Amino acid sequence: MDVRHLQYFLETAKRRSFTKAAEALHVTQPTISKMIRILEEELGVELFDRTARQIVLTDAGEAVMIQAQQIVRSLENLSVDLEDVTSMRKGQIRIGLPPMTGAPFFPELIAAFHKLYPGIGIRLIEEGARTVEREVESGSLDLGVAVLPVDAERFEMFAFVKEELRLVVHHGHRLARRQTVRLAELSGEKFLMFREGFTLHESIPEACIQAGFKPDIIYESSQWDFLSGMAEAGLGVALLPETICRKLSPDKVATITLVSPRIPWHLVMIWRKEGYLSYAAREWLRFSKEWLSRPNR
């Protein structure tokens with residue numbers, strides 16, 4: 001069986017016409033008819049009902065179409081894979097980055113990667129970590145940054161940051177001069193929170209409930225600098241990662257160690273366990289893992 005037989009069959013099934021399929025494939029109509037007849041003889045079934053005004057698939061044709069689509073798709077993936085191998089440093093990578101992780105960790109990494117592989121384009125998509133997970137799983141993104149916990153049955157991953165959240169308050173706040181604060185002490189406070197789609201949108205309320213109270217969330221945003229600005233203005237309290245807190249001016253806000261419980265912020269690079277990764281994406285993983293593991297990055 002020639003793969004062209006399957007391609008001609010699929011095009012005819014799609015267009016429901018031998019003539020239109022021939023036009024789309026730039027061959028003659030008798031060629032299409034001959035190829036499909038050969039396929040029918042090899043399989044021992046009729047693939048089309050030719051008695052109707054517009055040809056339609058038989059039940060056998062429906063079954064063959066499903067398998068033919070998978071076979072042709074597999075061959076297309078093989079072609080892509082071979083192209084990656086032969087063209088080497090060419091391609092595009094789609095990477096999902098939560099807003100908090102982009103600026104602190106990736107500009108120098110991306111610059112170094114681009115210098116080494118100028119032919120590989122990088123498309124960055126800024127979304128919350130939970131959204132990044134969904135997009136990586138669906139194949140819309142090649143890989144992305146997520147916050148643990150992540151489903152190890154669906155994703156491969158490597159960790160590159162292990163931090164905790166700190167409390168951020170304005171200098172006039174009752175807790176501003178404390179060295180440590182127990183989470184339960186924030187009961188009754190107004191919370192400034194990351195919006196839905198961010199892991200912290202889920203993990204902070206869960207930790208608060210375990211500490212004995214439900215947080216009073218008065219504002220949600222996707223931008224950490226806006227949340228810290230709201231805290232600086234005395235509108236509420238925010239819980240932000242250590243990396244972000246190091247960027248905040250001590251003249252404007254106080255950042256305090258959070259205890260009982262400590263809320264982790266562990267970052268991982270994720271990609272699908274099942275699915276194709278281009279040469280470019282595989283090289284990004286190798287390069288970024290080495291870069292992000294450097295002690296003085």
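**Figure 1. Threonine 58 in the loop between strand S2 (56-57) and helix H4 (59-87).** The structure shown here and in the other views is a predicted model. Threonine 58 has a relative accessibility of 17% and therefore counts as buried, the limit being under 20%. Leaving out residues up to four places away in sequence, threonine 58 touches Glu46, Leu47, Phe48 and Asp49.

**Figure 2. The contact of helix H1 (residues 3-15) with helix H2 (residues 18-25).** The two helices pack with their axes 8 Å apart, at an angle of about 125°. This angle makes H1 oblique to H2. The crossing in which H1 passes H2 is right-handed. H1 contributes Tyr8, Glu11, Thr12 and Arg15 to the contact, and H2 contributes Phe18, Lys20, Ala21, Ala24 and Leu25. By class, the residues of the contact of H1 with H2 are five nonpolar, one polar and three charged.

**Figure 3. The contact of H2 with helix H3 (residues 29-43).** The axes of H2 and H3 are 8 Å apart, and the packing angle is about 105°. H2 and H3 are therefore roughly perpendicular to each other. On the H2 side the contact is made by Phe18, Thr19, Ala21, Ala22 and Leu25; on the H3 side, by Gln29, Ile32, Ser33 and Ile36. The contact of H2 with H3 holds six nonpolar residues, three polar and no charged.

**Figure 4. The crossing of helix H6 (residues 107-116) and helix H11 (residues 279-292).** The axes come within 11 Å and cross at roughly 130°. That angle makes H6 oblique to H11. The crossing of H6 and H11 is right-handed. From H6, Glu108, Leu109, Ile110, Ala112, Phe113 and Leu116 meet Ala280, Glu283, Trp284, Phe287, Ser288, Trp291 and Leu292 of H11. The residues in the contact of H6 with H11 comprise ten nonpolar, one polar and two charged.

**Figure 5. Buried residues of helix H7 (residues 129-138).** Ala129, Arg130, Thr131, Val132, Glu133 and Val136 are buried in H7. Their cover includes strand S3 (91-97), strand S5 (143-147), strand S6 (155-170), helix H8 (199-210) and strand S12 (264-272). Glycine 139 follows H7 and has a positive phi, near 95°.

**Figure 6. Tryptophan 271 in strand S12.** The relative accessible area of tryptophan 271 is 16%, so the residue is buried. Not counting residues up to four places away in sequence, tryptophan 271 touches Val136, Asp142, Leu143, Arg154, Phe155, Glu156, Met157, Phe158, Leu277 and Leu285. Arginine 154 is 117 residues from tryptophan 271 along the chain, and the C-alpha atoms of these two residues are separated by 8.5 Å.

**Figure 7. Leucine 239 and the nonpolar cores.** In soluble globular proteins, nonpolar side chains tend to be buried together. The largest nonpolar core of this model has 65 residues, and those with the most contacts inside this core are Phe106, Leu186, Leu239 and Trp284. With its neighbours within four places in sequence left aside, leucine 239 is in contact with Leu165, Arg166, Leu167, Leu183, Leu186, Phe191, Ile204, Leu258 and Ile263.

How values were computed
Residues are numbered from 1 along each chain as its sequence is written. This is a predicted model: local features need pLDDT of at least 70, side-chain atom pairs count only at pLDDT 80 or more; totals for chains, interfaces and linings use all residues. Side-chain values use heavy atoms; hydrogens and water are left out. A nonpolar core is a set of buried Ala, Val, Leu, Ile, Met, Phe, Trp, Tyr and Cys residues joined through side-chain atoms within 4.5 Å. Buried means under 20% relative accessible area, exposed over 50%, partly exposed in between (1.4 Å probe, protein chains only). Contact means heavy atoms within 4.5 Å. Axes are lines fitted to C-alpha atoms, for helices over the stretch in contact, and angles run from 0 to 180 degrees between N-to-C directions. Helices (H or I, at least four residues) and strands (E, at least two) are DSSP runs, numbered from the N terminus. Angles under 35 degrees count as roughly parallel, over 145 as roughly antiparallel, 65 to 115 as roughly perpendicular and the rest as oblique. A crossing is left-handed if the near helix is turned anticlockwise from the far one by less than a right angle, and right-handed if clockwise. Ala, Val, Leu, Ile, Met, Phe, Trp, Tyr, Cys and Pro count as nonpolar, Asp, Glu, Lys and Arg as charged, and the others, Gly among them, as polar.
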